[in-house]
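Subject: Cavities and pockets

Hello,

Here is the structure you asked for. My notes on its cavities and pockets follow below.

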Amino acid sequence: MNTEPFVIERIYKAPISKVWAAITDVNKMAEWYFKLADFKPVVGFEFEFTGGDGTTEFLHKCKVTEVVDGSKLTHSWTYDGYEGYSEVTWELFPDGDGTRLKLTHAGLETFPGLPSFKRENFVAGWTHITGTSLKEYLEK
């Protein structure tokens, strides 16, 4: 079993402030990520959303666990009714006139051995979200 966190890095042609707003402003998040009822980059803030693998929808339950304003956001990532606990960390770094994003999703191995929770599904999802959805939103 692979217990290494999934890590992906992307460079965007956008200032850190724009990337930070994209990952912390509920209205901006709805344009490229998930539609949330509310979101605040505040430790302890809880949020949830529904998403799936094309065949099954899952209620994701999350809680903000760390915030460094403008540069780092960490939140838990669990599934209602299923075992497992993971954390997603978004870190932003200046990169010339753009921004480097480092996304780390740790704890994937704690989820049940269902096909929907396979590591490759997370890899594909985060690759699309960071490489297509967020990139297109930021660079439009």
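Which residues line the largest cavity? They are Ile23, Met29, Tyr33, Phe39, Phe47, Leu73, His75 and Trp90.

Some ground rules. This is a predicted model: local features need pLDDT of at least 70, side-chain atom pairs count only at pLDDT 80 or more, and totals for chains, interfaces and linings use all residues. Residues are numbered from 1 along each chain as its sequence is written, and side-chain values use heavy atoms, without hydrogens and water.

Terms: on a 1 Å grid over the protein atoms alone, a cavity is a set of points where a 1.4 Å probe fits but cannot get out; a pocket is an open set with protein on both sides within 12 Å along at least five of seven lines; lining residues have an atom within 4 Å of a point. Points are joined across faces, edges and corners, and a volume is the space filled by probe spheres set on them.

The cavity. The structure has 1 of 30 Å³ or more. The largest cavity holds about 40 Å³. Its lining has 7 nonpolar residues, 1 polar and no charged (Ala, Val, Leu, Ile, Met, Phe, Trp, Tyr, Cys and Pro count as nonpolar; Asp, Glu, Lys and Arg as charged; the others, Gly among them, as polar).

The largest pocket holds about 340 Å³. Of its 15 lining residues, Gly52, His60, Trp77, Asn121 and Gly125 are the closest to its centre. The lining splits into 8 nonpolar, 6 polar and 1 charged.

The second largest pocket holds about 200 Å³. Its lining has 6 nonpolar, 2 polar and 4 charged residues.

Best wishes
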